[in-house]
Amino acid sequence: MLNDILRYTGLFIVLLAIQVLLMNNIQFSGYVNPYVYILFILLLPFEIPSWMVLLLSFATGLVIDVSSGTLGLHTAATVFAGFSRPWVLKLIAPHDGYETGDLPGMKTYGFRWFIPYIIIITLLHHFALFYLEVFRFDYFFRTLLRVISSSGFTVLFIIIIQALIVRR
Amino acid sequence: MRSLLNFLKKYGNVLLFLLLEAIAIYLLTVKPDYHKIKITRIVNASASVLQERLNLASDYFVLNEINQQLRKENRELKNRLERVYNTESLQTFEATDSVYRQKYVYVQARVVNNSVNKQKNYITLDKGKLEGISEDMAVIGPDGIVGLVVEAGKNYSVAMSALNLDFRLSARLSKNNYFGSLNWEGVDVNTMVLNEIPQHVSVEQGDTIETTGYSAYFPEGVMVGTVKAFNEGGGDFYDIDVELATGFKKLNNVYVVINLEKNDQTDVEQKINTEQRR
């Protein structure tokens with residue numbers, strides 16, 4: 001238990017550093033803004049209660065917001081992603097359900113389970129995030145394009161990070 | 001009691017979700033004052049100090065570029081000075097002091113934090129109230145417009161970048177003085193859009209766009225950029241894509257413009273407004 005808490009704290013710090021120091025500095029185009037910190041929410045254990053996921057999402061979003069000067073924005077989007085997580089997990093559950101004690105990683109249930117899982121949650125998160133950021137309907141289709149292209153890059157980076165760091 | 005517990009068990013998560021979402025949205029909507037919230041201010045201050053250290057190091061790699069920019073600016077200023085001296089020596093004229101009152105004071109500042117990848121970008125400068133900077137002052141760079149100060153601390157200030165969906169500026173075609181409203185559409189960091197130029201005006205690619213000086217913030221004739229493309233949108237007006245002169249990705253030295261007559265102008269304008277309303 002204590003071990004898990006330490007592990008997740010470590011993961012959190014690593015993801016925060018990657019997000020703030022690397023990802024936030026990608027100034028390539030307005031269409032590419034990956035937000036990989038949601039990997040933290042994605043990788044939480046299956047049996048963790050939903051209210052805990054919500055609180056952790058809130059905390060994660062708040063920390064990202066404070067360090068990038070966008071108070072409330074990431075918090076709202078991450079809480080939304082955390083709220084949708086149980087439903088997404090149910091939606092794409094394997095035939096014989098999840099084993100207790102398993103972690104929702106690429107290794108446990110394979111690539112073909114993991115990819116839809118991150119794509120759906122990333123899209124939901126980015127959708128909330130980008131529309132809240134723009135906060136107007138003038139740029140509806142442009143924002144949609146930004147959601148899709150940034151999600152693509154987020155998924156790509158998440159797979160790389162997952163393969164590099166989260167070996168356990 | 002049991003039914004209450006059952007209800008909580010069933011819908012507790014939804015309630016918690018709504019509560020947390022409400023807090024987040026609340027924080028989001030008070031955003032114009034986000035720098036007034038203590039915790040962000042503390043974090044921002046320490047982040048600025050850290051960022052400044054990092055900048056000092058990374059500045060060395062672009063010293064050449066910065067030097068070149070400053071040399072170019074110097075050359076232009078010297079040429080302008082030369083023109084002024086020459087015209088003065090050519091003609092005699094009566095000079096009264098009131099003609100030569102100074103309208104603007106420029107405060108040199110360095111960019112310590114900057115982003116271009118958000119929809120609402122802000123720039124942190126290393127000068128604040130101690131240098132006379134306050135809200136609503138224009139920020140310009142060696143090449144052109146940069147932004148507008150929205151919050152001034154003691155030693156630091158935060159400016160809204162021109163690359164911000166909320167940024168509006170009145171700008172004109174320098175060749176014929178037709179003016180319109182300039183804003184950013186959130187896509188390309190090198191392009192802003194100038195609206196409200198009537199279609200009977202001749203516009204060509206490469207035409208210079210500059211500020212009008214109608215606002216009490218920006219001086220007249222500051223470079224904005226050049227016309228990159230234009231099309232006849234709906235209505236009788238052009239949509240003009242303006243290639244920005246300022247490279248926002250490499251902002252370093254900027255000037256905050258203190259308008260000594262700003263209060264004068266805004267006071268008079270306000271007076272007229274209240275009188276009209278009556």
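Predicted model: local features only at pLDDT ≥ 70, side-chain atom pairs only at ≥ 80, totals over all residues.
The buried set on helix 7 consists of A:Arg146, A:Val147, A:Ser150, A:Ser151, A:Thr154 and A:Ile158. So there's an arginine in the list, along with serines and a threonine, as well as A:Val147 and A:Ile158; "buried" here just means that 20 or more other C-beta atoms lie within 10 Å of the residue's own.

Helix 7 itself covers residues 140-164 of chain A, and its length checks out: at 1.5 Å a residue, its 25 residues should span 36 Å, and the C-alpha atoms at its ends do sit 36 Å apart.

Turning to chain B, the count comes to 4 helices and 12 strands. Of the 278 residues in chain B, 29% are buried. Looking at contacts in chain B between residues at least 6 apart in sequence, 58% link residues at least 24 apart.

Six of the strands in chain B form a closed barrel, in the order 6-7-8-11-10-9, with antiparallel pairing. From one strand to the next, the twist averages 40°. Strands 6 and 9 stand at the two ends of that written order, and they pair with each other too: strand 6 (residues 169-173) and strand 9 (residues 208-211) of chain B run antiparallel, joined over 3 bridges. Within this pairing, B:Ala171 lies opposite B:Thr211 of strand 9.

Technical notes
Residues numbered from 1 in each chain as written. Chains lettered and ligands numbered in written order. Pairing = 2+ DSSP bridges. Axes fitted to C-alpha atoms, helices over the stretch in contact; angles between N-to-C directions. Expected span 1.5 Å × (residues − 1). Buried ≥ 20, exposed ≤ 12 C-beta atoms within 10 Å, placed from the backbone. Contact = placed C-beta atoms within 7 Å.
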